[in-house]
Amino acid sequence: MFLAILQEVKMKKSTPKSILITGGAGFIGSHVVRRFVNSYPYYHTYNLDALTYAGNLENLKDVQEARNYSFVKGDIVDTDFINHLFSQTKFDGVIHLAAESHVDRSISNPLSFVRANVLGTVNLLNASLSAAKDNPSFKFYHISTDEVYGTLGDTGLFTEMTPYSPNSPYSASKASSDHFVRAYGETYDLPFVISNCSNNYGPNHFPEKLIPLFINNIINNRPLPVYGDGNYTRDWLYVKDHAEAIDLIFHKGKNGETYNIGGFNEWKNIDLTKLLCRLMDKKLNRMKGTSEKLITFVKDRPGHDLRYAIDASKINRELGWKPSVTFEEGLERTIDWYLDNQEWLDHVTSGDYTLYYQKQYQP
Ligand code: NAD
Ligand code: DAU
């Protein structure tokens with residue numbers, strides 16, 4: 001019995017496959033690409049990314065020479081380019097992460113979110129139809145967000161049955177792309193799976209999102225702009241735990257299903273900010289209380305969702321996944337990574353980065 005299972009695992013690992021991962025130069029995508037390149041030597045992993053401000057090949061320095069990895073620069077909205085790519089390579093699966101991902105940017109420029117997140121997804125879906133026709137084991141996997149469910153009050157959790165009710169242009173674009181994926185499954189029998197995940201954190205996170213922005217600002221003695229009164233809640237998950245869940249869902253998730261992924265780890269923004277301040281004071285050998293002085297309450301984000309929290313019991317029950325990295329351990333690793341990678345921070349924050357967040361929310 002044991003030998004048979006071992007044989008099955010060996011077979012699965014050694015079945016050659018071509019996997020297209022979109023958005024692989026971004027934050028979560030880079031962790032997924034690395035995991036696939038290292039865990040599946042018999043797969044060829046293609047990373048398709050337009051290298052927008054959020055995409056950075058430095059995130060994948062350690063795998064760039066691997067024989068089972070290729071980078072393809074391109075825009076998922078470009079139909080001719082996508083059709084050409086799919087005609088050149090017979091993909092066995094698409095794991096689609098490429099997107100505009102920052103809520104604040106979606107408030108200032110909603111159309112760019114419709115373009116990348118909706119048009120880009122539909123383009124990939126169209127190209128996937130012919131790939132699926134020739135290959136019965138083809139799968140289209142859309143990486144989505146818990147923000148499609150809208151906001152929770154003080155209690156309750158998002159389940160896979162929670163109705164969609166997006167509140168920001170970002171979440172509306174992700175909800176729309178989820179609907180298109182499901183519609184292609186119903187209308188054209190495209191095999192698909194979707195997962196909706198809570199807030200990720202960890203290395204390679206672009207420093208416009210709360211945790212890396214505040215770490216970077218503390219390092220540089222800059223203000224920490226807390227939106228509104230800071231009593232907004234998010235459920236934080238270490239990015240490598242998300243990459244593990246994506247691997248499991250891609251290989252073992254049921255076609256046509258949705259899986260929620262979360263950290264069972266709710267924090268109010270203001271409490272998380274104070275925790276970061278305490279940890280950073282210790283790391284930087286600064287006097288206790290130094291970083292907290294940087295906290296600045298600023299104008300709230302319009303349409304700000306009060307609380308997100310995920311019920312991740314389905315993926316636990318059906319696929320045996322649960323987060324493995326505690327928040328303490330994950331934050332420690334994250335802070336150490338940013339302190340050790342100042343060059344990366346300097347590189348990604350050159351350009352109009354500072355101006356961007358400063359002009360959005362003034363005290
Ligand atoms: P990110 O902004 O760090 O990376 C996005 C990547 O997509 C970048 O490398 C960018 O260059 C690429 N990209 C953007 N537009 C493109 C286009 N038109 N063509 C090709 N490539 C393009 O984002 P992230 O935080 O890593 O999020 C990845 C995915 O996961 C997104 O779909 C997001 O909605 C989803 N998600 C993110 C979180 C989170 O907490 N960050 C949580 C749940 C779901
Ligand atoms: O829930 C999953 C989503 O999490 C993903 O789909 C998005 O791609 C990702 O960006 C993230 O969205 P949020 O809006 O929750 O993340 P952000 O880091 O921008 O903000 C986290 C919380 O912190 C939110 O309540 C807004 C607040 N905030 C954020 C910034 C950048 C501040 O108070 N000050 C800030 O400067």
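Q: Which residue of strand 10 stands opposite Ser195?
A: In this predicted model, local features need pLDDT of at least 70, side-chain atom pairs count only at pLDDT 80 or more, and totals for chains, interfaces and linings use all residues. Residues are numbered from 1 along each chain as its sequence is written, chains are lettered from A and ligands numbered from 1 in the order in which they are written, and side-chain values use heavy atoms, with hydrogens and water left out. Strand 6 (residues 192–197) and strand 10 pair in the parallel sense over four bridges, where strands are DSSP runs (E, at least two residues; helices are H or I, at least four), numbered from the N terminus, and pairing requires at least two DSSP bridges. The residue opposite Ser195 is Tyr259.

Q: Which residue points the same way as Tyr259 from strand 10?
A: Strand 10 covers residues 258–261, and all four named side chains, Thr258, Tyr259, Asn260 and Ile261, are buried (under 20% relative accessible area; exposed is over 50%, partly exposed in between, with a 1.4 Å probe and protein chains only). Thr258 and Asn260 point one way, whereas Tyr259 points the other way together with Ile261.

Q: At what distance from the ring centre does Lys314 lie over the face of Tyr259?
A: A charge sits over a ring if NZ of Lys or CZ of Arg is within 6 Å of the ring centre and within 35 degrees of the ring normal. The charged end of Arg234 is placed in this way over Tyr308, 3.9 Å from the ring centre. For Lys314 and Tyr259, the distance is 4.7 Å.

Q: What is the angle between the planes of Phe113 and Tyr170?
A: The whole structure holds 18 aromatic pairs, counted for rings of Phe, Tyr and Trp (its six-membered ring) with centres within 6.5 Å; planes under 30 degrees apart are stacked, over 60 edge-to-face and the rest tilted. Phe113 and Tyr170 form an edge-to-face pair at 6.3 Å centre to centre. This pair links helix 5 (residues 110–133) to helix 6 (residues 169–188), across 57 residues.

Q: Is Phe264 buried or exposed?
A: Phe264 lies in the loop between strand 10 and strand 11 (266–268). Its phi is near 50°, a positive value in a residue other than glycine. Most residues other than glycine have a negative phi. Because its relative accessibility is 55%, Phe264 counts as exposed.

Q: What radius of gyration does the protein chain have?
A: The chain comprises 13 helices and 12 strands, and its C-alpha trace spans about 60 × 40 × 40 Å along the principal axes. The radius is taken over C-alpha atoms, and the globule rule is 2.2 Å times the number of residues to the power 0.38. For 363 residues, a compact globule would have a value near 21 Å, which agrees with the chain's 20 Å.
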